[in-house]
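Below is a short note on the model you sent.

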Number of protein chains: 4
Amino acid sequence: MSIFEKLESEVRSYSRGWPVVFDRAQGSWIYSEDGKAYLDFFAGAGALNYGHNNPVLKKALIDYISRDGVTHGLDMFTVAKREFLETLNEVILQPRDLDYKVIFPGPGGANAVEAALKLARKVTGKESVINFTNAFHGMTLGALSVTGNSMKRGGAGIPLVHATPMPYDRYFDGTYPDFLYFERLLEDSGSGLNEPAAVIVETVQGEGGINAARLEWLQGLSELCKRHNILLILDDVQMGCGRTGPFFSFEEAGIEPDMVCLSKSIGGYGLPLALTLIRPELDVWSPGEHNGTFRGINPAFVTATEALRTYWADDELEKSTKAKGERVGAVLEEIAREYPDAQLTAKGRGLARGLEFPNGELAGKVCAAAFDRGLLMETSGPDGEVMKLLPALTTTDAEFTQGLEIITESVKAVLSH
Amino acid sequence: MSIFEKLESEVRSYSRGWPVVFDRAQGSWIYSEDGKAYLDFFAGAGALNYGHNNPVLKKALIDYISRDGVTHGLDMFTVAKREFLETLNEVILQPRDLDYKVIFPGPGGANAVEAALKLARKVTGKESVINFTNAFHGMTLGALSVTGNSMKRGGAGIPLVHATPMPYDRYFDGTYPDFLYFERLLEDSGSGLNEPAAVIVETVQGEGGINAARLEWLQGLSELCKRHNILLILDDVQMGCGRTGPFFSFEEAGIEPDMVCLSKSIGGYGLPLALTLIRPELDVWSPGEHNGTFRGINPAFVTATEALRTYWADDELEKSTKAKGERVGAVLEEIAREYPDAQLTAKGRGLARGLEFPNGELAGKVCAAAFDRGLLMETSGPDGEVMKLLPALTTTDAEFTQGLEIITESVKAVLSH
Amino acid sequence: MSIFEKLESEVRSYSRGWPVVFDRAQGSWIYSEDGKAYLDFFAGAGALNYGHNNPVLKKALIDYISRDGVTHGLDMFTVAKREFLETLNEVILQPRDLDYKVIFPGPGGANAVEAALKLARKVTGKESVINFTNAFHGMTLGALSVTGNSMKRGGAGIPLVHATPMPYDRYFDGTYPDFLYFERLLEDSGSGLNEPAAVIVETVQGEGGINAARLEWLQGLSELCKRHNILLILDDVQMGCGRTGPFFSFEEAGIEPDMVCLSKSIGGYGLPLALTLIRPELDVWSPGEHNGTFRGINPAFVTATEALRTYWADDELEKSTKAKGERVGAVLEEIAREYPDAQLTAKGRGLARGLEFPNGELAGKVCAAAFDRGLLMETSGPDGEVMKLLPALTTTDAEFTQGLEIITESVKAVLSH
Amino acid sequence: MSIFEKLESEVRSYSRGWPVVFDRAQGSWIYSEDGKAYLDFFAGAGALNYGHNNPVLKKALIDYISRDGVTHGLDMFTVAKREFLETLNEVILQPRDLDYKVIFPGPGGANAVEAALKLARKVTGKESVINFTNAFHGMTLGALSVTGNSMKRGGAGIPLVHATPMPYDRYFDGTYPDFLYFERLLEDSGSGLNEPAAVIVETVQGEGGINAARLEWLQGLSELCKRHNILLILDDVQMGCGRTGPFFSFEEAGIEPDMVCLSKSIGGYGLPLALTLIRPELDVWSPGEHNGTFRGINPAFVTATEALRTYWADDELEKSTKAKGERVGAVLEEIAREYPDAQLTAKGRGLARGLEFPNGELAGKVCAAAFDRGLLMETSGPDGEVMKLLPALTTTDAEFTQGLEIITESVKAVLSH
């Protein structure tokens, strides 16, 4: 392992909790080079909703590469991109009556967020953005400025300005009316709040600790934005592509954001791809005013198209995700009930699930215990106090049985210690 | 073509100059869906130094995908990553006596730049950065703030601060001493220049108009940075990986930057990959202080490793690039001489070459004429006044003959009109 | 009046509500050039706590000028400055057990605020400051960034950053716990709130609408700042020098701010003078690191000294201010009770008093009606909905009788209309 | 002296070079409390162009105070203000054919600068401002951001952004064309320079080291601003009111700035007063969009009016200032010639004069030696290397003889040591 220690920066993180060298992967399983199998309930932090090396997508990918389909095409027109756009339109946008144009903002989620923030400021002529407590939107300067985590913010080396955090749903455990402070500040011309260009929000905060906003809170936010003429940017990078059940995580709330950021699982196979969807009226940039080298990796278009066709032509995946999610949630709640003194809280929606511990140390120990038993999970939340599950949506019932047993055992091992 | 027009944002750019739908590609050739072949002298804006779908890399890639090698692995340890790091060390760093640690900053060049800027500010406790006139470093907020182009800067929607532009090499045609203004401001405690954390520079400004800095200017800059305790960030995203001949474009100048940004061709096959190389003393971030989802796409590690092994084990590619570059340069100079009234200037180094026209309209017309004749090129420079060539380094002599003839004809067609 | 209209910028404001040309003034009275007397219940927006041209101070001033005492002395040592510092120490600081050093930050209140903000940032190494809704701290860029009024903020022409507004006392009418949001954001390392260098607060917000913070709220704020290691800057520019009764408006709360800003009435006679009082440990600036031309107008030192000696050697003024304030408050409450439909609210503490109307139009009409009857008052609050009284503390009972009658009549005239 | 040391912040500066307690002052003389007379060649850093306690102004001031003229009048119309505006118009603006409106921005020079910067940004919708190397414009955040001195900038505690320094006249000793870099950056759309709202400039940089711009440089700057549609703000706070001869220091250059900042000597007697003069088209602020407490101290209007009437009704003062200035300059040049090894340089224009030493230590020693001999001067320049003379314009020939002898002796004492 010495080349990693010798050459890779200390900023590396996931390799610290899972200190083995992985080689192969299939579905919900990832294998270390010595052949040990790990059940992966983290799934690329949400980038592998269809599992590792999904065979349907793999076939399309190898076919495309084999026939010398264009790999790198800047933002040129290609057959693969056309098929992707057509499929996105037919399978996703039209059936949901969503009227969006597509920006290819760059290869990752942070690019999708940067593009949305830039465009929102350009369109409105305002600089300020409202973000929410414990938000995570990325590590480039624009995205970092709307991210909550103080350690990550400290990495910037400059003051991060132009954003004001507002309390996310149930930040005060539901004791106070939603948007109490936010709307009062907006209505009071003496409040000192810079008039915001946009609000950026996640429907479930993954990095923030699997905080799932209630649908009525999301609806309230959407209405507030409309009332005050603020653009609503929905960052669906982690929760989109079916993570909570429906393709877009905001569908159940019945809202229509002005902009939607997609990445992670949109490419299907784990290859970098990102989209910023925008209402057509917001399409004001000149050609090239935002550009970049990796704004359309064609193999990712191919796997993205195949994933949309395979999994989103009907509502099977949505239903199964909800069912599986409820099963996971039930087990987590059961665990929480089993250890009343430990004050555990089950959290989440769909297959974005978490178990909150009183502190990060405990949650970390449980994840370590699970790793020893062959299960990959991570912690999240401001102090890493939430055990976080983002299993592939294609995880089988048997695999869930196996994984949930490991979780139950791991919690027991740590809490009974 | 209607789905593009219907669904894709007006910000799209390359598809405007090349309004056909591409399908397949091989080496220096890219084919539209109706079968027309185009000789690609733009090569993914420098992302395809080894050509489209390079067969050696393709084989390794298909093998890896076929055997279910890990595709998406966050920043976990993987066999593919280990091989990449080992190969980078053995083939590139050790032979050049370069002592760098590697940050995987995210999938694209802008991520490499953002990470470098963040880290430089964190390390030094200073906010300000010096960039150069006509620099291009990317479109995320941090990278955009050190980019020169006013149209692109305008896309930000907020004031871009914390950077001060200094004149790039020969900004005044060599009339004035290098770094005259820069060093005077640094030495004068009353100058009003915020003390800079870092300087960020390209050895050849691609987007800026194929402006190749003289080696002595780069050496002078490196010395100035040392004298004034300023970190030198070399953005080798476009000019690295052999574009100008040697692997790093700064090798010929004999300098050792504090940080080096790599992306584009480092992945070899056009798949997104980026590196920020840093001097070991600068490795001060805590685990996870900078992170992201796509910081190590394993198929890109595989093709990157294969590319390093295939092309950089000896100095054949470096030599051939220089030779081919000189040939291209000679033809461009000949063209310039042929039209003395048009005031054309041949520019560049290695296989980053340009022909400067008096205005963007002429350069655009020449590129359009070349496209009609089956050759892809782009314009660059503040007003698009430079015809820009970034052919694959693997382009054959026969292909150069063919391409240079098209260029000669296209210039003739436009200028004789 | 034509020279004003011809030459003075349209930004002028007070002259719009009181469109006469004033000439002389004495005590609580100011006279227009045609000899009409106006009872001045605005008193230089709090700069004339001892009345216009107070005879005791006037004598000292004329004596000083007559004997050619130094007028302008930069920040040189002068006899007048020494007497001021000695008197401030003996009459104000020592009896209150306050251990402050004195910065002479420039001539006006905004200078006192700018110096406090600069120093707080320098001392802590943090950039962010917490201000409160409807705060007013001045119009220079630093002071404006912590001011609430959106119209005034808009005058800056650049985004005002580095400050986050928190709800002032009873912003939600006491329905929610004090500092609920503020402290939660501080305690949550994922909140996204930049760690603040300082909090800046007024005990009674004059410009904000005569909002008087409860003493327990001020105590809570002081304790919160101590708990979180945040500097507490008390802007006593308008409410200090006895406006609410005691010399410092925070005395009754029993708190000791880290920095105190004084101006307006500290000079006594209406001549520009400002002080920033700081805890000795915070005295970290180098000589001249903050300077300026008008940081100690000696005639103002003379009148300031005389005012301290005359009015603050005992507690007579404090007692009388409280008594007079209660009388004014009682009348305002009576008026409010008299017009239950109009939903008026009496506000304030000491001789900072207000009557809140449902909207700015009504408040403005009442002030206009009072002006017609020979009484000067102004409106304040985000929409100018508060009729604001800042009478000289030396206003006699008879003058209060007269002024309060005019107010009663004016309200009647407007509301019965 | 203990109360100063005990109570006054260490940031105090002038009292360090002149460690005596001053009491009275008259004309060019200031007296310590023990009766020692000092010839004052610093004159309130340019705030006392008509000398200390000028008897003509003193009479008007005592008359006004005695008759209970309004002292503090916010921005109300007053008789004193009307007379000031009328006199300013008749004596200064009309004869010079200058069409300006007057903002009363607050009591000091920094307020005049803050108002100008705010308004320039508001008018143009641009944030960036160009300042010059070694500029000094004040210590409030807006003014400090366009000030050059790094020690003073460091006092801000936040990054000072939105300003880019350009080389002042003869920054490179005249070797390079004026505005070479500035204009090139403006013309190059890829330069990375944010389009500036305004340029702010001093005609002679006092704090910067008595750097007198050539008239043709000022003309060139004015033309450059016109060509590029940039507002020209002339900070005449220290050099206006006759310091260089004419009332406005820019008159000789024949230019008409878009905004002019005045303070220091405009009040005549050393009382705080400041003006921002603006072209009428720029008068776009709403009533109260910029305001403040001390925007029109009426006693200062009275002395200002009297000063204009007494000294500016004819060109006597202008002529005498030029003549006296030339005399001082000649002596300084003579001194410089006398010590060829010391490499002294005489600098300045009118009665803003300086003698540059090779370092700040020498200049400081000369000032200290002069103080010992009863003469007040200060150092300026980035390292305090310039001995700075700003004597009252009313200094008599005999006083100059006396003062220049002391200077000659002091230089001799230091350099012969």
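1. The model is predicted. Across the interface of chain B and chain A, 49 residue pairs are in polar contact, both residues of each pair being at pLDDT 80 or more. Helix α5 (residues 79-93) of chain B gives the largest share of the side of chain B that touches chain A, namely seven residues. Sorted by class, that side of chain B holds 49 nonpolar, 28 polar and 28 charged residues.

2. As residues, 105 of chain B are in contact with 105 of chain A. As area, about 9700 Å² is buried between chain B and chain A, and carbon and sulfur atoms give 63% of it. B:L7, B:V11 and B:F77 supply 9% of the area that chain B buries against chain A, more than any other three residues. The size of an interface is often given as the accessible area lost when the parts come together.

3. Charged pairs also cross between the chains. The count between chain B and chain A is ten salt bridges. One salt bridge joins the side chains of A:D68 and B:K58, with an N to O distance of 2.8 Å.

4. B:K101 deserves a separate look. Where in chain B is B:K101 found? B:K101 lies in strand β4 (residues 101-103) of chain B. With a relative accessible area of 10%, B:K101 falls under the 20% cut-off and is therefore classed as buried. The side chain of B:K101 makes a polar contact of 3.0 Å with the side chain of B:D283.

5. The surroundings of B:K101 come from both chains. Leaving out residues up to four places away in sequence, B:K101 touches A:E5, A:K6, A:L7, A:E8, A:S9 and A:E10 from chain A. From chain B, B:K101 touches B:T276, B:L277, B:I278, B:P280 and B:D283.

6. How many disulfides are there over all chains? The count comes to zero. A:C225 is in no disulfide, and the nearest cysteine sulfur, that of A:C261, is 14 Å away. A pair of cysteine sulfur atoms must be within 2.5 Å to be a disulfide, so the 14 Å between the sulfur atoms of A:C225 and A:C261 rules that pair out.

7. A:C225 is buried, its relative accessible area being 2%. B:C367 is also buried, with a relative accessible area of 7%.

Technical notes
Residues numbered from 1 in each chain as written. Chains lettered and ligands numbered in written order. Predicted model: local features only at pLDDT ≥ 70, side-chain atom pairs only at ≥ 80, totals over all residues. Heavy atoms only, no water. Contact = heavy atoms within 4.5 Å. Buried area = accessible area lost by both parts, 1.4 Å probe. Salt bridge = Lys/Arg side-chain N within 4 Å of Asp/Glu carboxyl O. Polar contact = N/O pair within 3.5 Å; in protein donor to acceptor, adjacent residues only side chain to side chain. Helix = DSSP H or I, 4+ residues; strand = E, 2+ residues; numbered from the N terminus. Nonpolar A, V, L, I, M, F, W, Y, C, P; charged D, E, K, R; others polar. Buried < 20%, exposed > 50% of the residue type's maximum accessible area, 1.4 Å probe, protein only.
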